[in-house]
Amino acid sequence: MISTQAPPRTEPEALFADVIVPRHLAGPFTYIVPLSLRPTLRIGHRVLVPFGRAMLQGAVVTLSPTLPYGLSLTRLKEIDSLLPEGTATDVSPDLFQLSRQVAEQYVAPWGQCLRLVLPPTAKPQKPISHYQLTEQGKAAVAAREPCSVKERALLVKLHKAPSGLRKSYRRSGLADLLQDLTARGWVREVHGSPSASTTPSAQPSSQLSLTHPDHAAPLCSDQAPLWAEPLFETLNNPGPSRVLVQAPWADRLKLLQQTIRLILDRGQTILILVGEAERAQWVADLIRDDKRNIAPACFHSGLSDQAKAELWDQIHRQVVRVIVGTRSAIFLPLTAIGAMWVEGEEDAAFKEAQEPRYHARDVAWLRAQTERTVLILSSSHPFLETRANVEQGGVLIYTSIPSDTRPAVQVVDLRKQGYGTVLSQPLIRAIQQTISRKAGVLLFLNRKGYAGALVCRDCGQVPRCPACRVALMYSRQTDRLLCSYCGERSSIPDTCHSCSGPRIQLIGEGTERVEEDAKRLFPHAAVIRLDGDTMKKPAEAKALWQKIDRGEWDIIVGTQLLLRRGPLPTMGLVGIVQADAGLSVPDFRSAERTYHTLLDAVALADPAGAGGQVILQTSLASHHAIQAVAQDDESLFLSEELSHRGALGYPPSVHLIALLVSGTDGNMVRDAATAWAARLTACASPAVAGQTSERKTRPIAPLMGRPGPLIILGPAPSPVTKLRGRYRWQILVKSLERQTGIEVVRTTVKDMERTHHRRSIKFDVDVDPIEMW
């Protein structure tokens, strides 16, 4: 008999996984893959891992049979499990890569960026119990059956609330009453689950009839206008492309509707990004077409976690093909993307204010290149940076507003009016005439109120930093003028540096002052004020909008909040109270933002043929932003603004990165900011910075007047020097090559975070900033 020897038992080969967790941590963490998961686990899977005392969701980024160098096997923990069954357990490779690109492009931890692409987690909902009247109880109320005063009051309350009262209503003293009424058979307890929040309700069609013709939904024909043919030629060609459509809203809406039909006919998906949630819902309602089976879904932060999770799942299962959303919608699990449309690409709401500070428009271009699809940037006045990027590689489509649809525009020079004038005589006369013919009046202010800068009442000039050329900010604490870019300080001048005039004053009239003057001058007119104070509470905001929709007003005093809503009533007169208020803001984009805001305000007025009029009150009547609006000449603004930006070294000529240092100890924050600026300056030398970029960077000296490929401005106290108990200093980095600046900042911020404990000092990075801190 031949004996056989069993083969020796071998231990299964070890497997290690690097897992990214959604925390402010730069790198992944290594875990042991348990035997039960080795056959199924793959890169991109979402897993539960022990992290300190907590259990966190993470994503697997690498799998390897080799233990990473320097790690001890005895100190590693095992992955706990995949996510529970019934949830999407993996992130698509494209979204996984997108999260990594966002981390690299915005100098943010990959773990933080991973959160962006993970599906929303619906919080477990507790069953809700209600108390309701039974039929017997309703009969008792009707027959006024004998009971105590308290019992009758409770019965009446239940009778007026058909859905009943929540069980949480059982306050002290009511529990016994409910128990007695339940025992008598008049009240019963109903158990149920809360219903999930859905998207905001569609806007009633009756409101649309009140809108300006430029804002109404046009009838969409299948034939594209001749000027828009390049868009559809691009859509019919494979490969990633970027198209900028600059046109009035009515024309853009027609193109959007035609684009949606084209994409759906191909069986593909389209994503429409809109800055504000309320406007996103309005756009979704406009493009809805039941006859053509176009039913867009709207995704934004106002939805409940449950509603977000359900909509995310529908998109993941390819049930929804038309999605309208705010900036976070760019990370939805879309498949077969035919096009992405960014409506109002210049909207600052597309920029995330918290880490990672991504811009949805630029992330959309990253995704379009990966998905090999078309990105359409839509605006009536695009950003200068966007225009420059598309001109370098893309398609620019332009059509202007017909001259017969423009209102008459008049400029009133406030320097020739009385001191402290809020409403000039030409504007007062125009208001009176407009009210008499029962046409609407809008008194528009660029901002709710501004007194952060000085202006000369004689020549209209504001004091500016000699190095940065931005308006100096007035600090009430120090009673001095301060540059928020480089930190330059100066005393308040007695006379104007431009004209030597003595009339120097703080500028800015708030909406409350304008409202008071309007009510005083026109006591019989119905005046409504719309600003951040009157629109704080949703109920109050809703009531104000309902008044406007019903026409219960003669004069509206409002800020830019007016522009966030979709349709607005027609205006016989638009009076821009301080057209130059935004020009004094310490921001290099102040002229561009003012120009855009003025164009939006002008668009709210009726055509001149229907009596429409716009009056711009200003102390800077000769400024190129004011003159471009008055003359309806965009080229005037573009040539002047680009010339200024190029000479002073601001986008689109260079790239910017804003850095913020904050902490509770003011001296420590200042020292940390100074140390960071010193490290950046050391890296800014041509020899060091040249190593951080694959391409050779040409010197920035001819442009900036200083040597080196990088320019470091600061450190300087932030415009808001202390916020929520934390002192704030900022640094500004300028570079001709975007990647050069990013890599230098990435290297130095790691050094700073290693040197300083994160809880005591925080270092924030904002690549391509929209707002200066």
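Contact in this tour means heavy atoms within 4.5 Å, and among contacts in the protein between residues at least 6 apart in sequence, 75% join residues at least 24 apart. This is a predicted model, in which local features need pLDDT of at least 70 and side-chain atom pairs count only at pLDDT 80 or more, while totals for chains, interfaces and linings use all residues. Residues are numbered from 1 along each chain as its sequence is written, and side-chain values use heavy atoms, with hydrogens and water left out.

**Whole chain**

Begin with the whole protein, coloured by pLDDT, the predictor's confidence in each residue from 0 to 100; the mean is 83, and 84% of the residues reach 70 or more. Select residues 194-219, where pLDDT stays under 50 and the model has 58 contacts beyond four places in sequence, and then residues 688-707, where pLDDT also stays under 50 and such contacts number 42. Where pLDDT is low, the predicted coordinates should not be read in detail.

With helices (H or I, at least four residues) and strands (E, at least two) taken as DSSP runs numbered from the N terminus, the secondary structure comes to 22 helices and 30 strands. Of the 773 residues, 51% count as buried, where buried means under 20% relative accessible area, exposed over 50% and partly exposed in between, with a 1.4 Å probe and protein chains only.

Next select strand β3 (residues 46-51) and strand β4 (residues 54-64), which pair in the antiparallel sense over 6 bridges; two strands pair if DSSP finds at least two bridges between them. P50 has M55 in β4 as its bridge partner, and the two strands form a hairpin with 2 residues between them, where G52 in the turn has a positive phi of about 65°. On β3 one also finds 2 bridges to strand β5 (residues 81-82), running antiparallel, with V47 partnered by L82.

A142 and V156 are 14 residues apart in sequence and 9.8 Å apart in space, C-alpha to C-alpha.

Now show helix α4 (residues 149-160) with helix α5 (residues 174-183), whose axes come within 10 Å and cross at roughly 80°. Axes are lines fitted to C-alpha atoms, for helices over the stretch in contact, and angles run from 0 to 180 degrees between N-to-C directions. K150, E151, L154 and L155 in α4 meet L177, L178, D180 and L181 in α5.

**Helix α17**

Select helix α17 (residues 624-631), whose buried residues are H624, A625, I626, A628 and V629. These buried residues pack against β16 (408-413), α16 (590-602), β26 (613-618) and α18 (634-648), and just after α17, D632 takes a positive phi of about 55°.

**The sheet β28-β29-β27-β30**

Finish with the open sheet of 4 strands in the order β28-β29-β27-β30, where the pairing is antiparallel. The edge strands, each pairing on one side only, are β28 (710-723) and β30 (761-767), and the twist averages 20° from one strand to the next. Strand β27 (residues 655-663) pairs with β30 in the antiparallel sense over 7 bridges, and I657 stands opposite V767 in β30. Helix α19 (residues 666-683) packs on the sheet, touching β27, β28, β29 (726-735) and β30, and its direction makes about 10° with that of β29. Helix α22 (residues 738-755) also packs on the sheet, touching β27, β28, β29 and β30, and its direction makes about 170° with that of β30.
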